[in-house]
Amino acid sequence: MSAVIHLEQIRKSYFMGKQELQVLKGISLDINRNEYVALMGPSGSGKSTLMNILGCLDSPTSGKYILNGHDVSKMADNDLAEVRNKEIGFVFQQFNLLPRLTALENVALPLIYAGIPKKQRLDMANEVLKKVDLTERSHHKPNELSGGQCQRVAIARALVNNPSIILADEPTGNLDTKTSYEIMSIFQKIHDDGNTVVLVTHEDDISKYAKRIIRLRDGVLESDRKHEQVEPV
Ligand SMILES: Nc1ncnc2c1ncn2[C@@H]1O[C@H](COP(=O)(O)OP(=O)(O)OP(=O)(O)O)[C@@H](O)[C@H]1O
Ligand SMILES: [Mg+2]
């Protein structure tokens with residue numbers, strides 16, 4: 001099996017004056033293609049910090065990170081942005097959609113940076129909007145959509161580049177229970193389609209969708225176990 005993500009002794013510290021706050025204290029980890037991982041742990045344990053490093057939104061203080069064969073731990077910002085654009089689809093708790101753009105335009109946005117012509121961009125965006133069942137809302141702006149619909153747009157945007165890995169930091173954190181399950185069934189479908197998914201959650205019910213659960217505590221890996229997938233309720 002080929003590792004999409006390979007981490008060796010990843011450390012991250014924040015410095016407040018002379019005070020060093022160690023947030024990640026040597027994380028080593030492999031995630032293989034087509035895995036579905038839930039990242040759990042108490043508030044402040046370093047989950048988002050780790051996700052931001054995995055997503056190339058932030059760099060580790062030390063350690064090695066190989067993403068789909070690229071040694072991203074040594075990359076300068078420009079190269080990192082290019083790798084991020086190609087390899088990563090990121091879904092945030094707050095959706096992070098651009099308010100002035102329609103659902104379709106939001107989804108097509110990453111393809112501008114990839115240099116794809118407009119007609120093809122819109123075709124590709126329409127295609128992924130179909131996957132998240134949002135075709136009839138494609139010309140609506142985020143403030144005309146429900147939270148669950150906004151998150152579906154954000155998931156479509158994360159998928160449109162056909163990235164190596166989908167990262168989602170508490171994607172159901174702002175949604176009610178029923179909508180959370182709808183969103184989780186979309187992640188399920190994405191995983192069934194052959195994608196690699198890493199998702200942060202606080203909730204046991206949500207983590208049951210994943211096939212592997214990694215727990216962080218105080219910046220170290222507390223446990224890493226595989227389990228049979230429980231059927232969605
Ligand atoms: N930019 C920053 N500067 C200083 N400290 C930071 C910064 N970002 C995060 N931290 C600290 O790092 C620790 C881990 O934060 P992180 O956001 O990774 O936790 P988390 O596990 O995602 O928590 P939650 O479940 O509440 O989202 C916290 O103590 C936090 O205060
Ligand atoms: Mg967090």
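These exercises, each with a worked solution, concern one chain in a predicted model.

**Exercise 1. Work out whether the radius of gyration of the chain agrees with that of a compact globule.**

Step 1. The chain has 233 residues, and for that number a compact globule would have a radius of gyration near 17 Å.
Step 2. The value for the chain is 18 Å, which agrees.
Step 3. Other overall values can be set beside this one. Along the principal axes, the C-alpha atoms fill a box of roughly 50 × 40 × 40 Å. Of the 233 residues, 48% count as buried.
Step 4. Among contacts with a separation of 6 or more, 68% are between residues 24 or more positions apart.

**Exercise 2. Describe the six-stranded open sheet: the order of its strands, its edges and the helices that pack on it.**

Step 1. Begin with the secondary structure of the chain, which comes to seven helices and ten strands.
Step 2. Six of the strands form an open sheet in the order β6-β7-β8-β3-β9-β10, with mixed pairing.
Step 3. Find the edges. They are β6 (88-91) and β10 (220-226), each of which pairs on one side only.
Step 4. From one strand to the next, the twist averages 15°.
Step 5. Look at one pair inside the sheet. Strands β3 and β8 run parallel and are joined by four bridges. The bridge partner of Y36 in β8 is V197.

**Exercise 3. Explain why β2 and β5 each have one side without a neighbour in the four-stranded sheet.**

Step 1. The strand order in this open sheet is β2-β1-β4-β5, and the pairing is antiparallel.
Step 2. Strands β2 (19-32) and β5 (70-71) stand at the edges with a single partner strand each, so one side of each is left without a neighbour in the sheet.
Step 3. Check the partner of β5. Strand β4 (residues 62-67) pairs with β5 over two bridges in the antiparallel sense, and I66 stands opposite D71 in β5.
Step 4. Helix α1 (residues 47-54) packs on this sheet and touches β1 (3-16), β2 and β4. Its direction makes about 125° with that of β1.

**Exercise 4. Classify the aromatic pairs by the angle between their planes.**

Step 1. The structure holds two aromatic pairs.
Step 2. In the pair F90 and F92, the ring centres are 4.6 Å apart and the planes stand at 20°. Planes under 30 degrees apart count as stacked, so the pair F90 and F92 is stacked.
Step 3. F90 is buried, with a relative accessible area of 10%, whereas F92 is partly exposed at 23%.
Step 4. The rings of Y181 and Y209 have their centres 6.4 Å apart and their planes at 35°, so this pair is tilted.
Step 5. Y181 is in helix α6 (residues 177-192), and Y209 is in the loop between α7 (204-207) and β9 (212-217).
Step 6. Y209 is buried, with a relative accessible area of 4%.

**Exercise 5. State which elements build the largest nonpolar core and which of them gives the largest share.**

Step 1. The largest nonpolar core has 40 residues, and those with the most contacts inside it are Y36, V107, I155, F187 and I190.
Step 2. Two or more residues each come from β3 (36-40), α3 (103-113), α4 (118-131), α5 (147-159), β7 (165-169), α6 and β8 (196-200).
Step 3. The largest share, seven residues, comes from α5.
Step 4. Take V107 as an example. Apart from its neighbours within four places in sequence, V107 is in contact with A125, V128, L129, V153, A156, R157 and V160.
Step 5. A second, separate core has 29 residues, among them V23, V37, L54 and Y65.

**Exercise 6. Decide whether L122 and T172 are buried, partly exposed or exposed.**

Step 1. L122 lies in helix α4. Its relative accessible area is 27%, and L122 is therefore partly exposed.
Step 2. Beyond its neighbours within four places in sequence, L122 is in contact with L104 and A108. The C-alpha atoms of L122 and A108 are separated by 6.1 Å, although the two residues are 14 residues apart along the chain.
Step 3. T172 is in the loop between β7 and α6. With a relative accessible area of 5%, T172 is buried.
Step 4. Beyond its neighbours within four places in sequence, T172 is in contact with S180, I183, M184 and I206.

How values were computed
Residues numbered from 1 in each chain as written. Chains lettered and ligands numbered in written order. Predicted model: local features only at pLDDT ≥ 70, side-chain atom pairs only at ≥ 80, totals over all residues. Heavy atoms only, no water. Phe/Tyr/Trp six-rings, centres within 6.5 Å; stacked < 30°, edge-to-face > 60°. Buried < 20%, exposed > 50% of the residue type's maximum accessible area, 1.4 Å probe, protein only. Core = buried A, V, L, I, M, F, W, Y, C linked by side-chain atoms within 4.5 Å. Contact = heavy atoms within 4.5 Å. Pairing = 2+ DSSP bridges. Axes fitted to C-alpha atoms, helices over the stretch in contact; angles between N-to-C directions. Rg over C-alpha atoms; globule rule 2.2 N^0.38 Å.
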